[in-house]
Amino acid sequence: MQKDDLLRLMRDPNLLSSEKQTLLSSIAAQAAAMDMPCYIVGGFVRDLLLGQPVNDLDIVVEGDAIKFGKSLVKKFGGKLTTHDKFHTAIWQLSSSFILHPSSLDLITARKETYSQPGALPAVTSSTIENDLRRRDFTINAMAVRIDGDHFGELLDPLDGQADLEAGLIRALHPRSFMDDPTRIFRAIRYEARYSFNLESSTLNLINPESLFVIQTLSGERIRHELDLIFEEENSSQMILRAGEFGLFKMIHPKLPLFNPDYSDFLEMDSTLDIPTSRATTGYMLWLMDSSEDEILSIGRRLDFTSDLTYSIWAVSQLKKSLPFLVGSKPSVWTFALEKLPPLSIYVVYLVSREDALLDFLSIWRHVKPHTTGNNLKARGLEPGPRFGEILTQLRAAWLDGDVTNKQQEQDLLNQIT
Ligand code: CTP
């Protein structure tokens, strides 16, 4: 791509917001003032060349990224978090840059060596070219230089542009997935996100040898990759593909395939007033038919929070007990469902279409009697467990339609106290 064409893309507010353009110019000016070659790399360049809006800005400098970060903070404010071992920093922008995300990564151009498959790499400072060569795929191994007169120069030593045009995901070297098997998850994401294909020798690198290394990854790293999948628009395609490749057995021997019958539900946004998360919904759909022991054990392997494990378990339990609840009165449903996380109930609704679950979420859970504990006290009743029983009985009467107005509630209260 010619420099002028690239500059046109970088000035297109539909691809790069004017706030991001201002930020880039500020960084570029500072890099030029320090005589420090400075580049934007990775996903930014890929998405820009695809004519898609860019998200994160990853900045690489040939020089000391921490020193560069400190000078940016001095000039433009904000806060710097440094990682001395990797010579990287995260610049938390000051509120004068109205941006999302509000932080950006500053990286010292580096070479990486992996002492062991799957381990975190040893890092040494290097040139931008070597920095691009340490990356995952050709389409992610391009950079745009931004300091001074170099603004808008494209570096593409591995011909990522050709692969972008051909729609190919190509690893940079045969050990890429062995070094870092999280790249297999990344390949699956790009494949479905952009409707690209895995280049044939790259596809062959997803083999028993590289899959085996997945076992050595920490639960946190694997879960992060799975979270990213569930957050994507085509997550169902991705999670089914990951199963086809045999990734799950390597993560945990009991991790099942994702049930394709549930895949449409991944893309559904609830209109109900319940807190949802695409990843949580994804794990619930995935594991709801697993046994209690399996859910606990998979939860430990994937470093789930106890809340997440509990809400998946709640889905599995509710799904199993559904046949016993069907045909019950609203009060029975309500008292059975009330302690469960609303999202667990919603997910069971998605797969069962049992209307009572939706009635509970939208109506029944909000039904309360007018009478309160204070009213009971005022009637001269002694506070204690009986209070709860009376209020529950009143609530049940409302739920089941046995009382429909305040007077009827009062009559019932008079009867039972
Ligand atoms: N990268 C890599 N190997 C990894 C993770 C990241 O080589 N396991 C490199 C790639 O060059 C990638 C860059 O680091 O482009 C930034 O990583 P990240 O922010 O995770 O990805 P993006 O390219 O921004 O892609 P996405 O849109 O999926 O976030």
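**Reading the terms used for this structure**

Mentor: With a relative accessibility of 30%, His-87 counts as partly exposed. The model is a predicted one, in which local features need pLDDT of at least 70 and side-chain atom pairs count only at pLDDT 80 or more, while totals for chains, interfaces and linings use all residues. Residues are numbered from 1 along each chain as its sequence is written, and side-chain values use heavy atoms, with hydrogens and water left out.

Trainee: Why is His-87 called partly exposed?

Mentor: Buried means under 20% relative accessible area, exposed means over 50%, and partly exposed is in between (1.4 Å probe, protein chains only). The 30% of His-87 therefore makes this residue partly exposed. His-87 lies in the loop between β3 (79-83) and β4 (88-92); helices (H or I, at least four residues) and strands (E, at least two) are DSSP runs, numbered from the N terminus.

Trainee: How do you know whether Ser-316 is buried or exposed?

Mentor: Its relative accessibility is 1%, so Ser-316 counts as buried. This residue belongs to helix α16 (residues 306-325).

Trainee: What makes the rings of Phe-137 and Phe-177 a pair, and why is the pair called edge-to-face?

Mentor: Rings of Phe, Tyr and Trp (its six-membered ring) pair if their centres lie within 6.5 Å; planes under 30 degrees apart are stacked, over 60 edge-to-face, and the rest tilted. Here the centres are 6.1 Å apart and the planes stand at 65°, so the pair is edge-to-face. It links distant parts of the chain, 40 residues apart: Phe-137 is in the loop between α5 (128-133) and β8 (143-145), and Phe-177 is in helix α7 (residues 176-179). Both Phe-137 and Phe-177 are buried.

Trainee: Why is the pair of Tyr-194 and Phe-196 called tilted?

Mentor: The centres of these two rings are 5.5 Å apart and their planes are at 40°, so the pair is tilted. Phe-137, Phe-177, Tyr-190, Tyr-194 and Phe-196 form one aromatic cluster.

Trainee: What makes helices α11 and α14 roughly perpendicular?

Mentor: Angles under 35 degrees count as roughly parallel, over 145 as roughly antiparallel, 65 to 115 as roughly perpendicular and the rest as oblique. Helix α11 (residues 219-231) and helix α14 (residues 278-287) pack at about 100°, with their axes 8 Å apart. The axes are lines fitted to C-alpha atoms, for helices over the stretch in contact, and angles run from 0 to 180 degrees between N-to-C directions. The two helices are therefore roughly perpendicular to each other.
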